[in-house]
Amino acid sequence: MSVSVKRPLAAAAAATILLAGAGAFAEDPPLFGLGTPATPEQIAAWDIDIRPDGQGLPPGSGSAEAGETIYAEQCAFCHGDFGEGMGRYPVLMGGFDSLTAERPEKTVGSYWPYASTVWDYIYRAMPFGNAQSLGIDDTYAVTAYVLYLNEIVEYDQMIDQSNLADIEMPNAGGFFLMEGPEFERYEPCMENCRDSVEITGKARVLDVTPDDGGQTAIE
Amino acid sequence: MTDKTTRGRAPAPDRSGSRGSGLHGAGPAQTESPPLSPDRRRFLTGTAAAGIAAGTGSLFAGGGKALASNPDNLPPNIPDWSRYLGVGVDANPYGSPVEFESHVVRRSVEWLTATSESSVNFTPIHEMDGFVTPNGLCFERHHGGMAVIPPEDYRLMINGLVDRPLIFTYQDLLRFPPESRFHFLECAANSGMEWRGAQLNGVQYTHGMIHCVYYTGVPLKTLLNEAGVKTSGKWILVEGADSSGMTRSIPLEKALDDCLVAYSQNGERLRAEQGYPIRLVVPGWEGNMWVKWLRRIEIGDQPWYHREETSKYTDLLPDGTARKFTWTMDAKSVITSPSPEKPMLSEGPQVIKGLAWSGHGRIQRVDVSTDGGINWQPARLHEPVLSKSLTFFSLPWSWSGKDALLQSRAIDETGYVQPQMAALQEARGVNSIYHNNSVQTWLVNANGAVDNVRLG
């Protein structure tokens, strides 16, 4: 037995956030009674996500001063002493005013809209290869250090549960939601659609495609 | 020419064991194995050429060249396989493709990423007929390597704005009424290396971050109903159990519409690299949201703005602003043969083959051009044409032996027309990385070689 949901207005509106919310289940279908209740302890251990308004931040604090040592020991090997990135590992700082450049440098400082994302991501996924090893205070401290590298907080500024959400990121206003379709619908041309065609680029000339010798076949 | 007297004919195997009874396990076991053909012997000692086709030099050889065949196997000669026994039914409990197809593999591009554990490989779509991707060839994209989770240790938690926070075991999930559907999964970055110009000379690399399989799983709606979403709930956060802890925000409306919590692909349980034992299926939407190794679903009243929907999967425009929440994969198509990996072997009758898909629904039409978009003709869409699934198309073509510029253009059921690159660049510049669904051009050279080119 499947239950039909009220459909959104139209497929073309899919890019718009329309929330059915409360009316989603017109009639609640019967419950199967499968699964077991999740205890508060179980939820607390797995529910580690942070939101821009600070929801989810645990009690704790840290400063760039405290984060510098942790960063040097656990982060600098890939991200560089000053967040400049090593090899192809991500650059964490700088790139200010580069978003309109030919080669934008998208970093925490130049691109990321919210400090909460820094905290959340470090806590859940860093250091790469040893995720979820940083404590709560360590995460506040490393977050503060990354923000300090981007001149967003002072070296000795404590960030904690109460003030992280107030930190203003340089590019907080840089994101928007698409309104309506990107391209108008039209009936495409089928005959004599162009006068001529000219080849302006060839991948073969660039020659960055793996050849047989360089290809990594995955077993 | 053969001389019967010099053909080394092996002695006939002893057939004293009653013939045919072995199929039902009743006959006596053969005490003596039949002699092996020379080919079989070579194969068993591991010296078989690892994929004859792969040994023909570069995939991107400067033109078509058919493999030379061995005259011993051709009429009027009798090849070995017509004379000697092959392996029995107990040789391959889980079969693999024949050795001659060993070039049909996922491939990666080393310079794309810092490390292979947070990287991508590519589906060999130029080797696919039809629209179903074999499980072992489905491209992989991990952010913390491939997690391997014993099913008995798997748990899915639902928490947040619900009446009943719940934890499901794998066995729990198998007890809900399932749904099965074909869907394509396309990485938002598919064709992302092609924004500035023709860069990678192979359709596997330009369009291979895609697969399409037959999923079986529980509608997400069913599980959310089990937990009881509160009226304040408007968004869900989906989270993976792997070391990247992948998270994405999804509006509740989509979650209740057609998302699946899937445990099977093409009739068997998910491959580990595809999220075993459980992954999310988000039909028509960018692959990043199809969280693998799904461990938790939280209901909230606003989006989370996590790393994969701020730093990544946002599309930078020339004015420095970026589109966010560009979830749907727009209509797209590509000719998979001819392509750089599939050069032309001869003049005359050919078949142009390809794939088309749209995150908005069904493909309505695919037009093909052989003159760089001056003239078009509709291709044949092979049934079934399904919603938010790959669609296989083909078109007979007689190649004159002269240079030709091949393009395909998809139109979906909403009337959306796949754009040319010029139109897409005008709308988005060249730095948005994601959502490049532009028309692809292949140059068929007079020598049969095929090149990825960009038209002015």
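A residue counts as buried when its relative accessible area is under 20%, as exposed when that area is over 50%, and as partly exposed in between, with a 1.4 Å probe and protein chains only. By that definition, 38% of the 219 residues of chain A count as buried.

The structure is a predicted model, in which local features need pLDDT of at least 70 and side-chain atom pairs count only at pLDDT 80 or more, while totals for chains, interfaces and linings use all residues. Residues are numbered from 1 along each chain as its sequence is written, chains are lettered from A in the order in which they are written, and side-chain values use heavy atoms, with hydrogens and water left out.

Helices (H or I, at least four residues) and strands (E, at least two) are DSSP runs, numbered from the N terminus. Chain A has six helices and six strands, and along its sequence they follow the pattern β-α-β-α-α-α-α-β-β-β-α-β. Helix H2 of chain A, which spans residues 64–74, holds Glu68(A), and this Glu68(A) counts as partly exposed because its relative accessibility is 32%.

| Strands of chain B | Sense | Bridges |
|---|---|---|
| S6 (residues 179–186) and S7 | antiparallel | eight bridges |
| S7 and S10 (residues 260–265) | antiparallel | five bridges |
| S17 (residues 348–357) and S21 (residues 391–399) | antiparallel | nine bridges |

Strand S7(B), residues 210–219, is mostly covered, since nine of its ten residues are buried. Within S7(B), Thr216(B) is the bridge partner of Ser180(B), whereas Tyr215(B) has its bridge partner, Gln265(B), in S10(B). In a regular strand the side chains alternate between the two faces of the sheet.

Another part of chain B is an open sheet of four strands, with antiparallel pairing and the order S16-S17-S21-S20. Its edge strands are S16 (332–337) and S20 (380–381), each of which pairs on one side only. In the pairing of S17(B) with S21(B), Val351(B) stands opposite Pro396(B) of S21(B).

Helix H4 of chain B (residues 220–227) is largely enclosed by the rest of the structure, because eight of its eight residues are buried. Among them are Lys221(B) and Glu226(B), along with Leu220(B), Leu223(B) and Leu224(B). Just after H4(B), the residue Gly228(B) takes a positive phi of about 80°.

Note on methods
Pairing = 2+ DSSP bridges.
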